[in-house]
Structures are given as C-alpha cells and as structure tokens.
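Let's take a walk through this model together, stopping at a few places worth a look. Have the sequence and the 3D view open side by side.

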Amino acid sequence: MMLEPQAVYVLRHPGAFALQVIKGFRANQGLLLAGAVAYYALLSIVPLLILIAIALSNVIDQSVLLASLGRYIGWLAPGESDFIVNELKNFLAHREVLGWVLLGTMLFFSSLAFTVLENAMSVIFLHRVAIRRRHFLVSAVLPYCYIFCLGLGFLLVTLVAGSFQALGEKSVEFLGMSWSLNRFSLLLLYLLGLTGEIFVLTSVYMVMPVGKLSLRRALMGGVTAALLWELTRHVLVWYFATLSQVGVVYGSLTTAIVVLLSLEIAATLLLLGAQVISEYERIGSKGPKAPPEPLHTD
C-alpha cells in the first residue's frame, strides 16, 4: 500500500514535524484557546452528566450506571470521581423537581463547551474556514446531536463493561488448578475505556472542523491525543496522591480546582491533536517547510 507524501515526510522527519506542530500551536494561541474550552467545559460537564444520568437511569440500573460513570469520570478528573458521583446520586434522588425550565437550562449549558470547541477548531483549521463556512443552523444543532450520540455510546460502553465485570467474577479450572479472571477483566475494562476515549476524540475531529475530514486523519489525531492524555492522567493521579497540597491551599474549592486543571490539560491535548491534523494537511498543500500562519484580527 502506497503511503501519502505527508506520511512519508512524518515517518522520515518525526522531530521536525513535532516541532512544526508546536510552533503552529503557539502561533494559534493554543493555550489561550484551551483555557476557554476548559472554562466552558467546567460549566457544561455537570449538566451534561445529569442529562445522561437521567436518560440512562430509565434503561440501566442506577447503581450500575453510577459505578460506570464514576469509572470514566475518573479518567477525566483523576481523584474527584467520588465527589461528582455523589452529587449525581443526590440529583437523581430528587429528579422529580426537574422542570422544563431547568431542563432547558441544562441543555443550554451542556452545549456551551461544544460551541466554544467548534470556534477553537475554526482557529486551528483556519485554512478550511476560509474556503468553506458552516451554516449557522448546523452549528446550532450540532451540540445537541452530539450529546445524544454520546448518551447512546455511553449506554453501549456501560452494557459491555457490565459483561466484562461479570467475567471477572469467574475462574478457569484446568488440571486441578484454578485461575481467576479478575485481572483479565480489569485489562478488558481498561482497553474498553481507552478504545472509547480514542473513538470520542476521533469523532470530535470528524465533526467539529469545517469540511470533510478522512477517518484516517481523524484517527491519527485521536490516537495522538488519547495516548498523550493517558500518560498525563497517570502523572496527575500520582501527583495528587503524593505531592499535591491543593486540598490545604484551596479547601472546599479543591474539587473545582482539580477538575478545572484536568480539563485545561485535556483541552490542550485535544487541540494539540487537532493541530497535528492541521499541520499534516499543510504538508500536502504548502510543503513541509511552510511557516505556521497565526490568526490575525483586523
């Protein structure tokens, strides 16, 4: 199979390509964009989780649902999943107070992060926006369609994870010896979470940028961002468990600070994955030596 010229260049010059990605990320004010995405994600994550929990609690047992949510919230906010799950449990216990006004408010806030993320992607993929703009109605409806798809995806992941957990309670017996499948079950759960993470990131890169993006290039960005986040997530878990004094400094604000910091790093890596795709495209259109083009305002 013939490789694309861009792929040949990246394989031959990985260091130069990585440097080009970093330069392009700085030129696009990537950290500033990540801060905006993280702030609105902090406002959006609780309403989004509440909507998903309310919808799926009608299909899945509540304890199973909260356990699954807690497992994957821990991937996004290391060390703070128990607090968030307890708040979700309290809300589900009083779901009868949910009115149409509150429901509309949660829908609005849960879509904010997607809107800001789309704007941030427009900066990184400026060459696409200049050629073809997205209709404003598509941008308005897109967050709600994506939330619906996220709910369906989480339902599927929860059902599969339940099967893997049930497998962990069994054992294999051979020649009078017994081996527990618990470790195998934990490995499958981890791989399921990692696969789901790559799938979500890939879908973001497929949907958010203007114009059609091939699955191969979206997957390239998704794998890059997911692997970087996995490395960072384990470092954060170790840091908060051993060295961090954030609880002493911030007191009752600890959860908000930790979640915001985690979201800031996650948003940075998400946009960095988008920058990888953007620079990969620019190799083919302007050549590998083309300098990054920062966003200019009049």
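**Around Gln275**

Leaving aside neighbours within four places in sequence, Gln275 is in contact with Val21, Gly24, Phe25, Asn28 and Ile124. Please keep in mind that this is a predicted model. You will find Gln275 in helix H12, which covers residues 254-286. Is Gln275 buried or exposed? Its relative accessibility is 0%, so Gln275 counts as buried, the cut-off for that class being under 20%. The side chain of Gln275 also has a polar partner: a contact of 2.8 Å joins it to the side chain of Glu279.

Next, turn to a pair of helices. Two packed helices are described by the angle between their axes and the distance between the axes. Here the pair is H3 (residues 30-56) and H4 (residues 62-76), whose axes come within 11 Å and cross at roughly 155°. Angles over 145 degrees count as roughly antiparallel, and H3 and H4 are therefore roughly antiparallel to each other. The crossing of H3 past H4 is right-handed.

Which residues meet where H3 and H4 touch? From H3 come Ile45, Leu49, Ala53 and Leu56, and they meet Leu65, Leu69, Ile73 and Leu76 of H4. This contact of H3 with H4 is made up of 8 nonpolar residues, with no polar and no charged ones.

Our last stop is Gly162, in helix H8 (residues 136-168). Gly162 has a relative accessibility of 30% and therefore counts as partly exposed. Val64 is 98 residues away from Gly162 along the chain, yet their C-alpha atoms are separated by 7.9 Å.

Definitions and conventions: Residues numbered from 1 in each chain as written. Predicted model: local features only at pLDDT ≥ 70, side-chain atom pairs only at ≥ 80, totals over all residues. Heavy atoms only, no water. Helix = DSSP H or I, 4+ residues; strand = E, 2+ residues; numbered from the N terminus. Buried < 20%, exposed > 50% of the residue type's maximum accessible area, 1.4 Å probe, protein only. Polar contact = N/O pair within 3.5 Å; in protein donor to acceptor, adjacent residues only side chain to side chain. Contact = heavy atoms within 4.5 Å. Axes fitted to C-alpha atoms, helices over the stretch in contact; angles between N-to-C directions. Parallel < 35°, antiparallel > 145°, perpendicular 65-115°, else oblique. Left-handed = near helix turned anticlockwise from the far one by under 90°. Nonpolar A, V, L, I, M, F, W, Y, C, P; charged D, E, K, R; others polar.
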